[in-house]
Amino acid sequence: MLQGTVSEAAPAKVNLALHVTGRRADGYHELESLVVFVDVADEVSAHPAKADRLRVTGPFAAAAGGGDSNLVMRAVKAFRTRWPGRLPDGLDIALTKNLPVAAGIGGGSADAAAMLRLLAGMAGGDLELVELSALALTLGADVPVCLLSQPSEVRGVGEIIHPLRSFPATHLVLVNPLVPVVTADVFRRLEQRSNPPMPALPQPLTRPAQLGLWLAETRNDLEPAAIGLVPAIGELLRQMRVLDGCALARMSGSGGTVFGLFGSAAQAHQAAHDMRARYPQFWVAAAPVIS
């Protein structure tokens, strides 16, 4: 069992496409999504202590909140219940919150997933991924795919995950207007809950042009409802689309983060610079997709 401090990154999740294909009897929606992760992240670290405690720092610490309601602490509690005796009696946990909260980029889910990866390592690293994924799903629909943090097709409520063998080198610019978007509110505003599924992905998916052609046939079905709640999302999409080199501008998840897809780091960084100049009060990041 590890004695020192161990750390784990919690990269931002981006839904390049998100189709709502139906609603189940239990009220949950059937989704189909192409999910990627970008190299901008929260971070969790932990070392043995007398009792569990969580310290949250970083630019979005206040919005994330601490205590037992934080998904990181819920992950620790769930792990201890599922695998008793595998961890130190207490953990001193630090969460650095760099990603905006309620932003459609999986911040809380990514934090919980990073914590589960960290705990699995602390517990000896011999836990089955399928068991860890099942536990992750009890914490939230996005937590299982965040556990993998690699380009994946996701279906169902988030439990059916097909990691992609390859993914083209691409860069994303993320912009968030710093208005929290409540997922339940967006789903309530949905006018159509049974939409066409995603088209089949090219196999293998290796070239940016393939990705661009495929994305042109896809959607984010939550975008219109989110724009109705936060009109700034619509404005950000319009501004992103006209930037040099932007192959696609779309909202991620249930909002309100908007992303632009770029072929090179230089184009992405210039676009991020332009968006920061136009919206100095918003959160802006440029980063490569982790493949």
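## Contacts along the chain

A contact here means that heavy atoms lie within 4.5 Å. In this predicted model, contacts between residues at least 6 apart in sequence are counted, and 74% of them join residues at least 24 apart.

## Overall form

The chain is built with ten helices and ten strands. Its C-alpha atoms occupy a box of roughly 55 × 45 × 35 Å along the principal axes.

## Burial, surface and charge

Of the 291 residues, 53% count as buried. The chain exposes about 12700 Å², and carbon and sulfur atoms supply 53% of that area.

The charged side chains comprise 25 positive and 26 negative ones. The centres of these two sets lie 3 Å apart.

Ser152 belongs to strand 5, which covers residues 152–156. The relative accessible area of Ser152 is 0%. Because buried means under 20% relative accessible area, Ser152 is classed as buried.

A polar atom of the Ser152 side chain lies 2.8 Å from the backbone oxygen of Gln150. When residues up to four places away in sequence are left aside, Ser152 touches Ser33, Leu34 and Val35, together with Val145. Ser152 also touches Ile161, His162, Pro163 and Leu164.

Key:
Residues are numbered from 1 along each chain as its sequence is written. This is a predicted model: local features need pLDDT of at least 70, side-chain atom pairs count only at pLDDT 80 or more; totals for chains, interfaces and linings use all residues. Side-chain values use heavy atoms; hydrogens and water are left out. Helices (H or I, at least four residues) and strands (E, at least two) are DSSP runs, numbered from the N terminus. Buried means under 20% relative accessible area, exposed over 50%, partly exposed in between (1.4 Å probe, protein chains only). Accessible areas come from the Shrake-Rupley method with a 1.4 Å probe; for residues, only the protein chains shown count as cover. Lys and Arg count as positive and Asp and Glu as negative; His and the chain ends are not counted. The place of a charge is taken as NZ of Lys, CZ of Arg, CG of Asp or CD of Glu. A polar contact is a pair of N or O atoms within 3.5 Å; within protein, one must be able to donate a hydrogen and the other to accept it, and residues adjacent in sequence count only if both atoms are side-chain atoms.
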